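This briefing goes with the sequence and model shown below. It is arranged by topic, from the whole chain down to single residues.

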Amino acid sequence: MRKKIKKQFLLIAAIAVMATAVCAVMLFYHILTEQIYDDLRAEAEALAGVPAVDLPTVSEGDGKEALRMTLIGSDGVVLYDSGENVAAMGNHSDRPEVAQALTDGEGCSMRRSKTLGWYTFYYARRLENGTILRIGKASGSISRLVWMMTGLTMCVGAAVFLLCVFLAGQFARRIVGPIERMSSNLMLADENTVYEELRPFIATIKRQHADILNHARLRQEFTANVSHELKTPLTAISGYAELIASGMTNE
């Protein structure tokens, strides 16, 4: 019983730890992505009033850490891009963030960039002249943060599970302990020291045990009384039989 309780407790603990870890990573990822989109929105607002000729030709950062700025016409034609040659870029009207910005004024999405080859967060904003200013941030550093958070969460989860292994043994011992003590000597079990649910059971067992002892005592007394009552006539019969056997009596 103790092993079964321990296994069930560990199963519940494992499910709880895994669910908590998954929720923590998902929450961290959601908060991180929201922060990234807020940063990209602030960057777009800062560049919204800058003429196209004054946009930087080289983005901040390098490689996967770079911010990518793109200016797209209302027809989807790329007018400017900080990281690629616009002549080699196709029409961007089908990009989710661009289509959303043309309709709602702003849009965002995260996908694998066909041009750069890695996952990128995009934020697009429609300017007053109808063109779309899009800011992109590669997910290289973001992926590292998510993996670091996942690793930290798993380490904490493993530590919590090991603690649960220790506590499971303690709890199982405490749960089964009163029952084991009661099974070793039921009559000495105090009803106040066992579980409330077992008190009626103990009281019934004690009452039945007392009845059995009482019946055994009555049976012993009955046997003793019968033996005593039969002793006198048996002695007399035995005496008469000896007189007859010795020939001291006539017919």
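What share of the contacts in the protein with a separation of 6 or more comes from residues 24 or more positions apart? Such residues account for 48% of those contacts. The model is a predicted one, and the values here are computed from it.

**Overall make-up**

- The protein has four helices and five strands, and along the sequence they follow the pattern α-β-β-α-β-β-β-α-α.
- Of the 251 residues in the protein, 27% are buried.
- The accessible surface comes to about 16,800 Å², and carbon and sulfur atoms contribute 62% of that area.

**Helix H1**

- Helix H1 runs over residues 2-47, a total of 46 residues.
- At 1.5 Å a residue H1 should span 68 Å, and its end C-alpha atoms are 67 Å apart, which agrees with that expectation.
- The buried residues of H1 are Leu10, Ala13, Val17, Ala21, Val25, Leu32, Thr33, Ile36, Tyr37, Leu40, Ala44 and Leu47.
- An α-helix has 3.6 residues a turn, so residues three or four places apart point the same way.
- Ala21, one of the buried residues of H1, has its C-alpha atom 10.0 Å from that of Gly151; the two residues are 130 apart along the chain.
- Gly151 is found in helix H3, residues 140-184, and is partly exposed, with a relative accessibility of 31%.

**Helix H2 and its cover**

- In helix H2, residues 96-104, the buried residues are Glu97, Val98 and Ala101.
- These three cover an arc of only 100° around the axis, so they lie on the same side of H2.
- Thr103 and Asp104, on the other side of H2, are exposed.
- The cover over the buried residues of H2 includes strands E1 (67-72), E3 (106-112), E4 (119-126) and E5 (132-138).
- Gly105 follows H2 and has a positive phi, near 100°.

**Asp81 in strand E2**

- Asp81 sits in strand E2, residues 78-81.
- With a relative accessible area of 7%, Asp81 is under the 20% cut-off and therefore counts as buried.
- The side chain of Asp81 makes a polar contact with the side chain of Arg68 at 2.9 Å.
- A polar contact also joins the side chain of Asp81 to the side chain of Thr70, at 2.6 Å.
- Leaving aside residues up to four places away in sequence, Asp81 touches Arg68, Met69, Thr70, Val86 and Met89.

**Salt bridges**

- Side chains of opposite charge can pair when their charged atoms come close.
- The count of salt bridges comes to eight.
- Arg111 and Glu97 meet through their side chains in a salt bridge, at 2.5 Å from N to O.
- This pair links distant parts of the chain, with Arg111 in strand E3 and Glu97 in helix H2, 14 residues apart.
- Both Arg111 and Glu97 are buried.
- Arg41 forms a salt bridge with Asp38, and the closest N and O atoms are 2.9 Å apart.
- Both of these residues, Arg41 and Asp38, lie in helix H1, three residues apart, about one turn of the helix.
- Arg41 is partly exposed at a relative accessible area of 24%, and Asp38 is partly exposed at 38%.
- A network of salt bridges links Asp38, Arg41 and Glu106.
- The side chains of Glu45 and Arg125 form a salt bridge, 3.8 Å from N to O.
- Glu45 lies in helix H1 and Arg125 in strand E4, so this pair ties together parts that are 80 residues apart in sequence.
- Glu45 is partly exposed, with a relative accessible area of 47%, and Arg125 is partly exposed at 27% relative accessibility.

Notes:
Residues are numbered from 1 along each chain as its sequence is written. This is a predicted model: local features need pLDDT of at least 70, side-chain atom pairs count only at pLDDT 80 or more; totals for chains, interfaces and linings use all residues. Side-chain values use heavy atoms; hydrogens and water are left out. Buried means under 20% relative accessible area, exposed over 50%, partly exposed in between (1.4 Å probe, protein chains only). Helices (H or I, at least four residues) and strands (E, at least two) are DSSP runs, numbered from the N terminus. The arc is that of the directions from the helix axis to the C-beta atoms. Contact means heavy atoms within 4.5 Å. The expected span of a helix is 1.5 Å times one less than its number of residues. A polar contact is a pair of N or O atoms within 3.5 Å; within protein, one must be able to donate a hydrogen and the other to accept it, and residues adjacent in sequence count only if both atoms are side-chain atoms. A salt bridge is a side-chain nitrogen of Lys or Arg within 4 Å of a carboxyl oxygen of Asp or Glu. Accessible areas come from the Shrake-Rupley method with a 1.4 Å probe; for residues, only the protein chains shown count as cover.
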